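Thanks for coming. I will take a few minutes on one structure, starting with charged pairs and then moving to the nonpolar part. Please have a look at it first.

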Amino acid sequence: MGTPNDQAVLQAIFNPNTPFGDVIDLDLEEAKKEDEDGVFPQEQLEQSKALELQGVRAAEAGDLHTALEKFGQAICLLPERASAYNNRAQARRLQGDVAGALEDLERAVTLSGGQGRAARQSFVQRGLLARLQGRDDDARRDFEQAARLGSPFARRQLVLLNPYAALCNRMLADMMGQLRAPSNGH
C-alpha cells in the first residue's frame, strides 16, 4: 500500500478534475479522527484497499477495463464500504458512462451517511457531473455539502458557480490594479 501521499498523487492523476489540495487534505490526523474503516474486518479491508489501489493504477495506465474489474472486486468484498464506489464512479465517468457513475455516487453517499472523507469525495464528484450536465443548482447543493465536510476544491467551485462573487472578484481585481498602477500624471 502506498502512503496517503502516494494515494493523493494517484488520485490527482486518475481524476483530472480533482486538484491535489482536495485529496491531500486527507492527512493522517484526519484519517485517525474519522476512522471510517474501523467498522470493517481488518483482513477484508486490507484486501479491498489493495484491489482499489490496483484499480487506480490500472485507470492511471489507461486500462479502464481492468480498473472497473478491480473496483468491482473490492465492492464484492466489502459492499458496505463507500470508497470503492467513488473510485468506480470515476472510472465509469472516464469511460463516458455518466449514468453508471451517478448510480455509484448515490450509493457512496448513502453508505457514508453523508459524513466523512468518502462522502466528501462523492459530493465533489457528483457536483462535477452535475456541472457537466448543466445542472448548476444540483452542483451547488453537492459542493455546499462537500465544502461543509472541508473540501477546499468545493469551496472554489461554489465561487465559480456564484455569478455575483465572480463579478465582485473582477471588480476587486480592477480596483487593485488601479491602486497599484501609478496614476498617469495626477
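Aspartate 142 and arginine 126 form a salt bridge, and their closest N and O atoms are 2.7 Å apart. Please keep in mind that this is a predicted model. Aspartate 142 sits in helix α9 and arginine 126 in helix α8, so this pair ties together parts that are 16 residues apart in sequence. Are these two residues buried or exposed? Both aspartate 142 and arginine 126 are buried. For arginine 126 the relative accessible area is 16%, and the cut-off for buried is under 20%.

Arginine 126 has a salt bridge with glutamate 106 as well, at 3.2 Å from N to O. Glutamate 106 belongs to helix α7, residues 98–112, while arginine 126 is in α8, so here the parts tied together are 20 residues apart in sequence. Glutamate 106 counts as partly exposed, because its relative accessibility is 40%. As background, side chains of opposite charge can pair when their charged atoms come close.

Now a pair inside one helix. Arginine 140 forms a salt bridge with aspartate 137, with 3.0 Å between the closest N and O atoms. Both lie in helix α9, and because they are three residues apart, about one helical turn separates them. Arginine 140 is partly exposed at 26% relative accessibility, and aspartate 137 is exposed at 53%. How many salt bridges does the structure hold? There are nine.

On to the nonpolar side. The largest nonpolar core has 15 residues, and those touching the most other members include Phe123, Leu128, Phe143 and Ala154. In soluble globular proteins, nonpolar side chains tend to be buried together.

Last, the aromatic rings. A search of the whole structure finds one aromatic pair. Phenylalanine 143 and phenylalanine 153 make up this pair, which is edge-to-face, with 6.4 Å from centre to centre and 90° between the planes. Phenylalanine 143 is in helix α9 and phenylalanine 153 in helix α10, so the pair links parts of the chain 10 residues apart. Phenylalanine 143 is buried, at a relative accessible area of 0%. Phenylalanine 153 is buried too, at 6%.

That is what I had. Comments are welcome.

Terms used: Residues numbered from 1 in each chain as written. Predicted model: local features only at pLDDT ≥ 70, side-chain atom pairs only at ≥ 80, totals over all residues. Heavy atoms only, no water. Core = buried A, V, L, I, M, F, W, Y, C linked by side-chain atoms within 4.5 Å. Buried < 20%, exposed > 50% of the residue type's maximum accessible area, 1.4 Å probe, protein only. Phe/Tyr/Trp six-rings, centres within 6.5 Å; stacked < 30°, edge-to-face > 60°. Helix = DSSP H or I, 4+ residues; strand = E, 2+ residues; numbered from the N terminus. Salt bridge = Lys/Arg side-chain N within 4 Å of Asp/Glu carboxyl O.
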